[in-house]
Amino acid sequence: MKKLSTQTYKNEFISTFKGDESGDLSPRQTPDVFYSKAIPTPVNKPDLLGWSDELAEELGIQKPDDQKDIDILGGNYITPTMYPYAARYGGHQFGNWAAQLGDGRAITLGEWEHEGRSWDLQLKGAGPTAYSRRADGRAVLRSSVREYLMSEAMFHLGVPTTRALSLVSTDEQIMRDMFYNGNPEYEPGAIVMRVAPTFIRFGNFEIFTSKNEIENLKKLTDYTIDRFYPHISGEDKVLSWLREVVEKTATMVVEWLRVGFVHGVMDTDNMSILGLTIDYGPYSFLDNYDPNFTPNTTDLPGRRYAFGNQASIAYWNLGCLANALTPLVSEQDKLIEIIESYEDIFWLKYYSMMAKKLGIDRVKEQDIPLIDRFDKMLADLKPDMTIFYQLLQTLPLDIKNEQQVLSHFKESFYDEPSTSEQIALFNLMETYITRIGLNNGSREESLQLMKKANPRFILRNYLLHQAIENLEHGKPQLFDELQQAIKEPYSDKFDRFVQKRPDWASDKAGCSMLSCSS
């Protein structure tokens with residue numbers, strides 16, 4: 001295990017590409033560069049609040065035992081081999097081209113190497129960069145706790161994601177207007193160290209094409225393929241690479257749907273080129289099953305990024321990436337063909353995933369209408385998604401009537417089902433039980449499929465809200481307990497958290513919806 005302060009950091013991105021080396025942190029356009037140097041702005045007093053032992057073990061990083069290492073996590077100390085920078089990229093935000101964006105409050109310190117692998121270490125909330133526009137580059141404790149815990153929660157759920165190594169408080173107060181409603185308040189500041197093989201996004205490619213910086217586009221594409229997709233080569237490598245990005249993106253979205261995750265702001269600058277969940281802002285897990293739910297106040301009333309739209313938005317975003325790659329591909333029809341393949345890839349993965357959630361051993365063509373009926377039934381009844389699938393695992397296979405089914409699933413309902421809904425639910429369960437009886441394997445094998453596909457514990461927004469409020473008052477107990485619970489989401493060790501969203505949290509600020517910058 002190595003200390004953060006004694007490691008020799010690599011800087012392949014910096015050494016490969018040209019950047020703005022001035023260190024000027026004033027907001028501005030930075031044409032024809034890949035990044036701008038950005039030294040973190042020191043804070044009053046970094047104090048370690050959270051540390052991912054599992055990620056540290058994987059990276060071979062020793063937990064800080066002195067202030068120097070904590071100062072690195074807070075942006076107060078830069079080692080001699082680090083080269084902090086903010087990346088330049090563009091993006092489509094809510095479907096509209098937003099031109100240059102870039103890392104406005106994220107600063108990559110360097111690349112950590114361990115056992116032949118490399119990760120970017122990045123601070124979020126460490127001060128302004130050339131891309132901060134009118135913002136201060138800081139992050140508050142509220143948003144930092146959310147990113148730190150959810151990054152690791154998604155990893156333990158088995159969802160492709162960037163990671164979070166640490167959370168530090170800064171002993172500073174940051175002004176934030178949580179809902180953009182003209183009521184700003186001071187909140188405690190914090191910084192998260194994020195970790196990923198790369199933070200390159202769709203928007204990194206889009207900015208170069210939009211500015212006709214085609215040589216830069218080619219260099220970035222070659223670098224991305226050579227470093228992160230080294231098995232790809234040949235004259236058609238750009239097309240082969242795009243196929244893999246399509247597949248990885250479809251996989252990521254299917255995993256979101258499996259656990260009921262809503263990203264909330266699927267702009268192209270928030271889409272990882274590795275198919276990782278990136279930039280945890282106004283996210284949420286579903287409580288009641290509502291395909292139209294969006295956790296992002298900025299997404300109202302259009303609900304572009306609602307739970308049920310995520311698959312189609314991923315397709316749209318992939319189209320933007322393909323459009324950015326057109327200068328590198330002579331056969332445009334092949335680009336279109338690859339993007340259009342997304343639909344078949346997605347649905348194949350989706351139905352396979354849903355079969356596991358239902359305990360169906362293999363998907364047959366006749367199973368698809370049954371799976372679709374489940375989705376419609378959930379959308380009509382709007383039960384608690386997580387609890388419903390837990391109860392489905394214990395459904396008696398000898399049900400006799402509507403009342404028996406209603407009683408079995410009662411714990412998952414937020415509202416009493418109507419008579420017609422009760423009948424529809426009973427009929428669906430009868431069909432479902434018949435189908436389960438056709439499995440080749442045993443009932444126990446079916447249950448094992450379900451237990452692995454359906455989390456028992458999810459990091460609900462109201463729990464996060466409670467943990468944040470407690471931390472702000474110097475009470476870390478719930479935060480510490482959630483740090484442990486996220487590591488075992490499929491076990492029953494933390495069943496005190498396995499309950500529906502309480503009534504008081506339905507409309508409370510921060511328990512259901514947040515703004516983009518939260």
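Reader: Which residue of S5 does Gly90 stand opposite?
Author: Gly90 faces Gln100 in S5. This is a predicted model, in which local features need pLDDT of at least 70, side-chain atom pairs count only at pLDDT 80 or more, and totals for chains, interfaces and linings use all residues. Residues are numbered from 1 along each chain as its sequence is written, and side-chain values use heavy atoms, with hydrogens and water left out.

Reader: What makes strand S4 and strand S5 a pair?
Author: Strand S4 (residues 90-93) and strand S5 (residues 96-100) are joined in the antiparallel sense over three bridges. Two strands pair if DSSP finds at least two bridges between them, so three bridges are enough. The strands themselves are DSSP runs of E, at least two residues, and helices are runs of H or I, at least four, numbered from the N terminus. S4 and S5 form a hairpin with two residues between them, and Phe94 in the turn has a positive phi of about 55°.

Reader: Why is His92 called buried?
Author: His92, in strand S4, has a relative accessible area of 18%. Buried means under 20%, exposed over 50% and partly exposed in between (1.4 Å probe, protein chains only), so His92 counts as buried.

Reader: How do you know that the side chains of His92 and Glu206 make a polar contact?
Author: Their separation is 2.7 Å. A polar contact is a pair of N or O atoms within 3.5 Å; within protein, one must be able to donate a hydrogen and the other to accept it, and residues adjacent in sequence count only if both atoms are side-chain atoms. The pair therefore qualifies.

Reader: Which residues is His92 in contact with, leaving aside its neighbours within four places in sequence?
Author: With contact taken as heavy atoms within 4.5 Å, the residues include Trp97, Glu206, Asp267 and Trp316.

Reader: What makes up the lining of the second largest pocket?
Author: The lining has 22 residues, with Leu257, Gly308, Ala311, Phe346 and Trp347 nearest the centre. On a 1 Å grid over the protein atoms alone, a pocket is an open set of points with protein on both sides within 12 Å along at least five of seven lines, a cavity is a set where a 1.4 Å probe fits but cannot get out, and lining residues have an atom within 4 Å of a point. The largest share, nine residues, comes from H9.

Reader: How many cavities of 30 Å³ or more are there?
Author: There are five cavities of 30 Å³ or more. The largest cavity is lined by 18 residues.

Conventions:
Points joined across faces, edges and corners; volume = space filled by probe spheres on them.
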